[in-house]
Amino acid sequence: MSNSVLGLEGKVVVVTGASQGVGLGCARQFVNVGADVVITGRRAAPLEQAAAELRRSGREVVTVVGDAEDPADVAAVIEAARARFGHADVLVNNVGGRRGKPEGTILESGPDYWRGTIDRNLVSVLTCTQAFARFMIETKRPGVIINIASVGAYRASPRLVPYGASKAGLIQATGTLARELAPHGIRVCGVAPGMVDTDSLREWFDADGLAARGRKLPAGRIGVPDDIGRAVLMLASDLGSWIYGTTLIADGGELLGDVH
Ligand SMILES: NC(=O)c1ccc[n+]([C@@H]2O[C@H](COP(=O)([O-])OP(=O)(O)OC[C@H]3O[C@@H](n4cnc5c(N)ncnc54)[C@H](OP(=O)(O)O)[C@@H]3O)[C@@H](O)[C@H]2O)c1
């Protein structure tokens, strides 16, 4: 398939939390089809390492060290995009996950853990979405915003109440944001990944455990970050131009159930 079908050549794509894992998989897919990227993360060294890899594509890669939960840092991302490109076409709200170690069930966990995780998965996405939507409207360009949710939104996973609840909230918010922002030429969608081999998943499984789990999935393997990158790319591209508010499940069939 020619990259021109996607309509992403020369587009400016911002990916939060892209020094590794799902975010880097997304950024990699975008530069490979001719987009320029702005990538963020809190630690400078891994972010620069990711940028060095992405620059081998020949595309522009701007790095911004900052916390997607901090409105001042989000403003700095916008200023970096403005300074280098003058605008942004796509925002991928990838930052999410737990804040802190899982504290246990509802009987064992506390409000700081609940609030921290809800802030990371929902408040930070709303903060980034508001800031970038205003920037897109100000620069009079149509835009696309993709939110990274999780299949954890659809399942009851003990000890992960705030994670599952906030990702479920994000899926709901994606639809509402799509309605609110469509009149401004901004399309909002989401991707709900299943198990993807990243550092955060490796906190739960070792290599053998992941391989064994993967063999039970309809896809026969667990995901890699580029699997999610391809789903995000499709929704953000012209191929997704009539898709509004939908969160696409990309999980190798995990939610369908094991094959054996
Ligand atoms: N892996 C899975 O199986 C899976 C499944 C479903 C959904 N997801 C979702 O996919 C997304 C990415 O997960 P992942 O597994 O790729 O995580 P990961 O491997 O831990 O990578 C997280 C990335 O985000 C950056 N980051 C984290 N918090 C940040 C913040 N507050 N501000 C800016 N950057 C931040 C990290 O860099 P710094 O630490 O330097 O900031 C890193 O680059 C999350 O929304 C997660 O819920 C993952």
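Which residues are exposed on the other side of H2? The structure is a predicted model, in which local features need pLDDT of at least 70, side-chain atom pairs count only at pLDDT 80 or more, and totals for chains, interfaces and linings use all residues. Residues are numbered from 1 along each chain as its sequence is written.

Helix H2 covers residues 44-55; helices (H or I, at least four residues) and strands (E, at least two) are DSSP runs numbered from the N terminus. At 1.5 Å a residue, its 12 residues should span 16 Å, and the end C-alpha atoms are 16 Å apart, in agreement. The expected span is 1.5 Å times one less than the number of residues. The buried residues of H2 are Leu47, Ala50 and Leu54. They cover an arc of only 65 degrees around the axis and therefore lie on the same side of H2, the arc being that of the directions from the helix axis to the C-beta atoms. On the other side of H2, Ala44, Ala45 and Ala52 are exposed. A residue is buried if 20 or more other C-beta atoms lie within 10 Å of its own, exposed if 12 or fewer, and partly exposed in between, with C-beta atoms placed from the backbone. The buried residues of H2 pack against H1, S2 and strand S3 (61-65).

H8 is mostly covered, with 9 of its 12 residues buried; among them are Ile228, Val232 and Leu235. The cover includes H1, strand S4 (90-93), strand S5 (143-148), strand S6 (186-193) and strand S7 (247-250). Leucine 235 counts as buried because it has 24 C-beta neighbours inside 10 Å. Not counting residues up to four places away in sequence, leucine 235 touches Ile146, Cys189, Val191, Gly240, Ile243 and Leu248, contact being defined by C-beta atoms, placed from the backbone, within 7 Å.

The largest nonpolar core has 65 residues, of which Val14, Ala27, Phe30, Val37, Val92, Val191 and Val232 touch the most other members. Such a core is a set of buried Ala, Val, Leu, Ile, Met, Phe, Trp, Tyr and Cys residues joined through C-beta atoms within 7 Å. Leaving aside neighbours within four places in sequence, the contacts of valine 14 include Val38, Val77, Val90 and Phe132.

The ligand is surrounded by 29 residues, the closest being Gly17, Gly21, Arg42, Gly96 and Thr198; a residue is near a molecule if its C-beta atom, placed from the backbone, lies within 6 Å of it. Helix H1 (21-32), strand S2 (36-41) and helix H6 (199-202) each give two or more residues to this shell.

Note on methods
Contact = placed C-beta atoms within 7 Å.
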